[in-house]
Amino acid sequence: MRAAVIVFPGSNCDRDLVVALRDTGADVSIIWHKETEIPTNFDLIAIPGGFSFGDYLRCGAIAAKSPICEAVLKHANNGGYVLGICNGFQILIEMGLIPGALMRNSGLKFLCKTPELKVETHDSAFTANYLKFEKIKIPVAHHDGNYFLSEKQLGVLRDEDRVAFSYLNDLNGSVDGIAGVLSSNRRILGMMPHPERAMNLVTGSSDGQAFFRALVELTGAA
Amino acid sequence: MKVAVTVMLKNGVLDPQGEAVRSALLGLGFFDVKGVRQGKVIELDLADGTDLNEVDEMCKQLLVNSVIESYTVESI
């Protein structure tokens with residue numbers, strides 16, 4: 001698989017994401033946000049975590065208007081895979097690729113811990129290697145991960161089985177404890193937890209390996 | 001010309017920061033405070049004669065997240 005990792009000023013999880021993808025067998029390119037085009041032969045565009053543009057205005061709001069985002073939208077509209085982690089999730093929401101909003105954590109604190117997640121669906125390229133309702137441990141590190149969605153929209157997400165992950169116990173005030181959301185074509189995933197930080201037991205968990213393996217298995221190792 | 005765009009969380013959207021400010025005010029003995037909502041003000045310095053519809057467009061495209069926020073525009 002060919003993957004592109006987009007880097008914004010203030011991204012800080014880009015390297016971990018590149019390493020996780022490469023270690024899993026992907027051919028990874030790093031693309032600066034001022035580029036305006038992404039070659040069409042990329043299978044996956046991944047938007048890493050961090051603090052793009054210093055979280056000014058709203059988390060992800062300014063990055064979502066970067067030149068590269070036109071190309072990301074084009075890739076998404078052509079049915080390409082897009083992954084947004086943490087700040088990347090915030091950016092996908094600001095781009096309108098995932099519904100809802102991410103607000104300040106209900107406890108107002110920056111949360112840096114490794115909570116248990118519940119895999120809510122097995123039916124996506126991102127979660128195919130997990131069992132439905134499997135419990136996994138993936139770290140979070142965020143201040144604005146409180147997922148908000150109207151009840152009507154939540155009904156749509158549930159009906160379409162688009163909640164990918166939820167926190168086993170309430171973490172940040174998210175509606176229904178939602179931690180990750182799929183697009184309607186199931187090819188775009190936004191999630192607050194960091195699977196790229198769960199690649200080795202030495203750092204606490206290796207539950208992220210199955211995540212990236214599923215993605216790379218999609219199109220074969222490079 | 002200058003305008004001020006006031007951005008507030010919509011009613012019904014929980015405002016944890018406003019809530020924290022409220023409880024701090026209560027802690028200081030201001031028992032009359034029934035609720036606090038915290039928002040932000042963005043001042044725009046615009047060329048004279050700028051159409052206010054353009055400010056609306058700025059709000060829609062960047063300044064405001066209409067999922068959770070509402071806004072008002074005022075000349076200052």
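In what sense do strand β1 (residues 2-9) of chain B and β3(B) pair, and over how many bridges? Before I answer, note that this is a predicted model. The two strands pair in the antiparallel sense, and 7 bridges join them. As a reminder, strands of a sheet pair through backbone hydrogen bonds, either parallel or antiparallel. For one position in that pairing, look at Ala4(B), which stands opposite Glu74(B) in β3(B).

Now the whole sheet in chain B. It is an open sheet of 3 strands, in the order β2-β1-β3, with antiparallel pairing. At the edges are β2 (40-45) and β3 (69-75) of chain B, each of which pairs on one side only. From one strand to the next, the twist averages 20 degrees. Helix α2 (residues 52-63) of chain B lies across β1, β2 and β3 of that chain. The helix runs at about 40 degrees to β1(B).

Next, the contact between the chains. Chain B contributes 8 residues and chain A contributes 10 residues. On the chain B side, the largest share comes from helix α1 (residues 16-27) of chain B, with 3 residues. What kinds of residue make up the side of chain B that touches chain A? There are 6 nonpolar residues, 2 polar ones and no charged ones.

Over to chain A. Here we have 5 helices and 13 strands. Along the principal axes, the C-alpha atoms of chain A fill a box of roughly 40 × 35 × 35 Å. Of its 222 residues, 55% count as buried. Taking the contacts in chain A with a separation of 6 or more, 74% are between residues 24 or more positions apart.

Is Thr121(A) buried or exposed? Thr121(A) is buried, because 20 other C-beta atoms lie within 10 Å, and 20 is the number at which a residue counts as buried. Leaving out residues up to four places away in sequence, Thr121(A) touches Thr127(A), Lys132(A), Asp161(A), Val163(A) and Ala164(A). Glu134(A) is 13 residues from Thr121(A) along the chain, and their C-alpha atoms are separated by 9.3 Å.

That is what I have for today.

Conventions:
Residues are numbered from 1 along each chain as its sequence is written. Chains are lettered from A and ligands numbered from 1 in the order in which they are written. This is a predicted model: local features need pLDDT of at least 70, side-chain atom pairs count only at pLDDT 80 or more; totals for chains, interfaces and linings use all residues. A residue is buried if 20 or more other C-beta atoms lie within 10 Å of its own, exposed if 12 or fewer, and partly exposed in between; C-beta atoms are placed from the backbone. Two residues are in contact if their C-beta atoms, placed from the backbone, lie within 7 Å. Helices (H or I, at least four residues) and strands (E, at least two) are DSSP runs, numbered from the N terminus. Ala, Val, Leu, Ile, Met, Phe, Trp, Tyr, Cys and Pro count as nonpolar, Asp, Glu, Lys and Arg as charged, and the others, Gly among them, as polar. Two strands pair if DSSP finds at least two bridges between them. Axes are lines fitted to C-alpha atoms, for helices over the stretch in contact, and angles run from 0 to 180 degrees between N-to-C directions.
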